[in-house]
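Have the structure open as you read.

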Amino acid sequence: MLPLVAILSTVLIGFVGLVIDSGSVSQSQQQAQAAADAAALAAFSNLSSGGTLSSATGFAGTLAVANGIPISALTVTFLDASGAVTASPTAVAEVAARVAISRPTYFLPALGIDSVPVSALAHAGAVGTGPAPAPCALCLFSGSGTDLSLLVSASLSTGSPIISDSTSARGIGLASRASITASAVGIAGGGYSLGSGSTITPTPVVQAAVADPWPSLAAPQISGTAVNYTSPSSGSGSINPGLYSQISVVGTFSLNLTPGLYVLTGSLSTTAGAALSGTGVSVYLACPGYPTACPSGAAGGGIAAGGSSFNLSAPSTGSLAGMAIFADRGNAQGSVISAGTTAIGGTWYAIGSSLQIGTGTPIQFDANLLLASLHLNRGAQLALNPSGAGQYQGPSASAGGVALLP
Amino acid sequence: MIFILGVRQVGLSFILALRFPPSARSGQALVEFALTSVLLALLLLGAVEFGLLFADELQLEGAVRIGAGWAEGHPSAWSSASAPPSNTIQGQVLSSAAGLGLTNDDTDLGVLYYRPGNPNPVLCGRYSASAGQFVPASGSTQTSCLAAGGLVKISVSDPTALISPLFRSQFGPTVNLQAAAAMPLTP
């Protein structure tokens, strides 16, 4: 037995070593990509402020160091509109920053591999100008900062336009191997950054900032005392529309929301193993002071879908026809979707708060999203397929579609 | 070394097989199993423990990158609330690190502002959740620290619990995972 154990142990130790070393290399890859992203943006923003190639390179180096990467590992290249290397600051259309480091290994030296090369590439540049791609499947209203970010290998696809209101140097940021596919991508005067192997199709263009398309849409009014609902840990059941301070679905419970309006002043959450479904349902995310409107930036109701399934579809009739999720414009409480199976049928209108898509199975929204910002975690996959009839048509149903103002 | 030990054991097993009856040999196998299973269990525990730690570390790296990206365009969007809203730097980081137990305090989450320096960036100031305000370094002001041309760095420190009693006894109940990311402050 011992000889067999000796041989197999060697193999097992090798695999354990491989796990640890590959995890460590993966972490270095993330660090290198963060440094490359920051360095490319720093160089381009420095040039945009009237800097020289030397000052831009210096600022890029500062950002590399701040991200834990030595300056010697950074290479900054300035490219003109044709993609050729240029030495003229005014001709620079794009900055490429490459980080190349060597990561020492812990176990692989036993196989003669003392270190593994790790590299990352990032581009930063100004977007071109183009026609207004509206209406949008995804409209982001934060106005500045990175309001659309995709971490490693995340993907976002839609057959409709995407518009970011951000005016910062990186309105849209993609980590390595992430991808965005849309019919058009517009950024309001800002820029974008791409990690190694990441793509945005088509290339973003400058797009006038979109305004709140439904400023006159008032908060739905219902009365009563807020109910704090927590499900049993197993079985199934349903609850009726009304005012809730919290809806929490736990254990393996399967909760059905009967058709109607649910006003939430706290969280709507499902934990692992739990399921939530509802057809003909609208959820309004308010603040604890409801019916008083949320103060700007308040933390009110939010969605934390982490269970086995989360399926909601909006009503097809009534004043909120097509509206699945509607948040008070001052409510900045973010929502997180990381359920095993998720399907949202209807518009998600929460222009004051963010939505985060966790790593998991592919998620499809048959709706348009109007948010402050959207973030896709590592490996997340989101498909947006807004159908004209299935989304909110505006306070005046005769408007004939979502009209986003340029 | 293990292989050589194994060859020696082959010889030992052969001699034992000649000298001892089958019942004694099955006892020997039991002892060998007990000895080797300890090693295998240790390896398995180590792999699981490291795997979980790496998963948490990667999530933290993602969280600080999202936070730094947000801070780039919203350099003064701070919150000292325990559940900060998503339009703040702290809200972006904590929602991205959901499930890791990060709290919005100066120990777990740092929002630091630097000006370029040679060779290293120079700390200009930081946001303090305990003080509920920006705390500039000596000779600096909030305005000068947040001006374009500087950089913002988001750092997190997350005490992560170890799951196996063996590693807990050796390394303590938690290990401190850390991550940081910096972005330029743009005009």
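Predicted model: local features only at pLDDT ≥ 70, side-chain atom pairs only at ≥ 80, totals over all residues.

## Ground rules

Residues are numbered from 1 along each chain as its sequence is written, chains are lettered from A, and ligands are numbered from 1, in the order in which they are written.

## How confident is the model of chain A?

The pLDDT is the predictor's confidence in each residue, on a scale from 0 to 100. Chain A has a mean of 84, and 92% of its residues reach 70 or more. Residues 129-134 of chain A have a pLDDT below 50, yet this stretch has 18 contacts in the model beyond near neighbours in sequence; a contact means that two C-beta atoms, placed from the backbone, lie within 7 Å. Residues 396-406 of chain A also stay under 50, with 25 contacts beyond four places in sequence.

## The sheet in chain A

Chain A has an open sheet of 10 strands with parallel pairing, in the order 13-10-7-31-29-27-24-21-18-16. Two strands count as paired if DSSP finds at least two bridges between them. At the edges sit strand 13 (199-201) and strand 16 (236-239) of chain A, each pairing on one side only.

Now look at one end of that order. Strand 10 (residues 179-181) of chain A pairs with strand 13 of chain A in the parallel sense, over 3 bridges.

Most residues other than glycine have a negative phi, and most peptide bonds are trans. The bond from A:T201 to A:P202 is cis, with omega near -5°, and A:P202 lies in the loop between strand 13 and strand 14 (205-206) of chain A. A:P291 is in the loop between strand 22 (281-285) and strand 23 (302-305) of chain A.

Then there are the positive phi values. A:S153, not a glycine, has phi near 65° and sits in the loop between strand 6 (148-150) and strand 7 (155-158) of chain A. A:R177 is not a glycine either, and its phi is about 65°; A:R177 lies in the loop between strand 9 (172-174) and strand 10 of chain A.

## Chain B on its own

Chain B has 5 helices and 5 strands. Strand 1 (residues 109-115) of chain B pairs with strand 4 (residues 151-161) of chain B in the antiparallel sense over 6 bridges, with B:L112 opposite B:K153. Strand 4 of chain B also runs antiparallel to strand 5 (residues 174-184) of chain B, joined by 11 bridges. In this pair B:L151 stands opposite B:P184.

## Where the chains meet

How many residues of chain B are in contact with chain A? There are 50, and they touch 55 residues of chain A. Helix 1 (2-19), helix 2 (22-73), helix 3 (89-96), strand 4 and strand 5 of chain B each supply at least two residues of that side. Helix 2 of chain B gives the most, with 20 residues.

How values were computed: Helix = DSSP H or I, 4+ residues; strand = E, 2+ residues; numbered from the N terminus.
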